[in-house]
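The sequence and structure come first, followed by the main points grouped by topic.

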Amino acid sequence: FFVLLVVACSTPKSTVLKTSFHTLFKSTTNGVEVPGSLHITNNEDFMQLIETLNIDATEFNSFATVDFKENDVVVLYQGQKKSGGFAIEITSVSWDDEVLLIKKLEKSPGKGEMVTLALTAPYCIVQIPKAPKIKIIE
């Protein structure tokens, strides 16, 4: 009876959910034309993404290793823009039950700011905690 009482009255272990993230790569070229995001959960899809984006091997080698047992990768695309001065990034991640909320920040050039006159397609590749579902928020 005493053992049952002790087990029943013990406090449950709290689960610590990771909220750290790390930007692996950012670029203003070779992204996609339409804004959006991509949630990558395995190395095969990650390697396919790298090939699709035509990332130089010397740059790729600096972030090629992702432990997909502990982490996922999210790619945020800002879409095609008519000039330079645009960027996209993650500012924070937090959990809402089983959903990882990813807060993004999109930057655009200020009025009168000098920018390059070329088509750009900004994107960022970010390592996030392993998550069954993600939701991108502004």
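Two strands are taken to pair if DSSP finds at least two bridges between them. By that criterion strand 2, residues 36–40, pairs with strand 3: five bridges join the two, which run antiparallel. The model described here is predicted. The protein has three helices and seven strands, and buried residues make up 33% of its 138 residues.

**Overall organisation**

- Read from the N terminus, the elements of the protein follow the order α-β-β-α-α-β-β-β-β-β.
- Among contacts between residues at least 6 apart in sequence, 79% join residues that are at least 24 apart.

- Strand 5, residues 99–107, pairs with strand 7 in the parallel sense over five bridges.
- Ile-102 stands opposite Ile-136 of strand 7.

- In the pairing of strand 2 with strand 3, which is antiparallel, Ile-40 stands opposite Val-73.
- Strand 3 also pairs with strand 6 in the antiparallel sense, over seven bridges.
- The bridge partner of Asp-72 in strand 6 is Ile-128.

- A polar contact at 3.3 Å links the side chain of Asn-71 with the side chain of Lys-18.
- Leaving out residues up to four places away in sequence, Asn-71 touches Lys-18, Val-66, Gln-127, Ile-128, Pro-129 and Lys-130.

**Nonpolar cores**

- The largest nonpolar core has 18 residues, and those with the most contacts inside it are Phe-46, Ile-55, Val-73 and Ile-125.
- Strand 1 (22–27), helix 2 (43–53), strand 3 (71–77) and strand 6 (123–129) each supply at least two residues of this core.
- Helix 2 provides the largest share of this core, with four residues.
- Phe-46 is in contact with Leu-24, Ile-40, Phe-63, Ala-64, Val-66, Phe-68, Val-73 and Ile-125, when neighbours within four places in sequence are left aside.
- Another core, of eleven residues, lies apart from the largest one and includes Val-93, Ile-102, Ile-128 and Ala-131.

**Aromatic pairs**

- The count of aromatic pairs comes to three.
- The ring centres of Phe-46 and Phe-68 are 5.9 Å apart and the planes stand at 65°, so this pair is edge-to-face.
- This pair links distant parts of the chain: Phe-46 belongs to helix 2, whereas Phe-68 lies in the loop between helix 3 (57–60) and strand 3, 22 residues apart.
- Phe-46 and Phe-68 are both buried.
- Tyr-77 and Tyr-123 form a tilted aromatic pair, with 6.2 Å from centre to centre and 45° between the planes.
- Because Tyr-77 lies in strand 3 and Tyr-123 in strand 6, their pair ties together parts that are 46 residues apart in sequence.
- Tyr-77 is buried, with a relative accessible area of 10%, and Tyr-123 also counts as buried, at 2% relative accessibility.
- Phe-25, Tyr-77 and Tyr-123 form one aromatic cluster.

Notes: Residues numbered from 1 in each chain as written. Predicted model: local features only at pLDDT ≥ 70, side-chain atom pairs only at ≥ 80, totals over all residues. Heavy atoms only, no water. Core = buried A, V, L, I, M, F, W, Y, C linked by side-chain atoms within 4.5 Å. Buried < 20%, exposed > 50% of the residue type's maximum accessible area, 1.4 Å probe, protein only. Contact = heavy atoms within 4.5 Å. Polar contact = N/O pair within 3.5 Å; in protein donor to acceptor, adjacent residues only side chain to side chain. Phe/Tyr/Trp six-rings, centres within 6.5 Å; stacked < 30°, edge-to-face > 60°.
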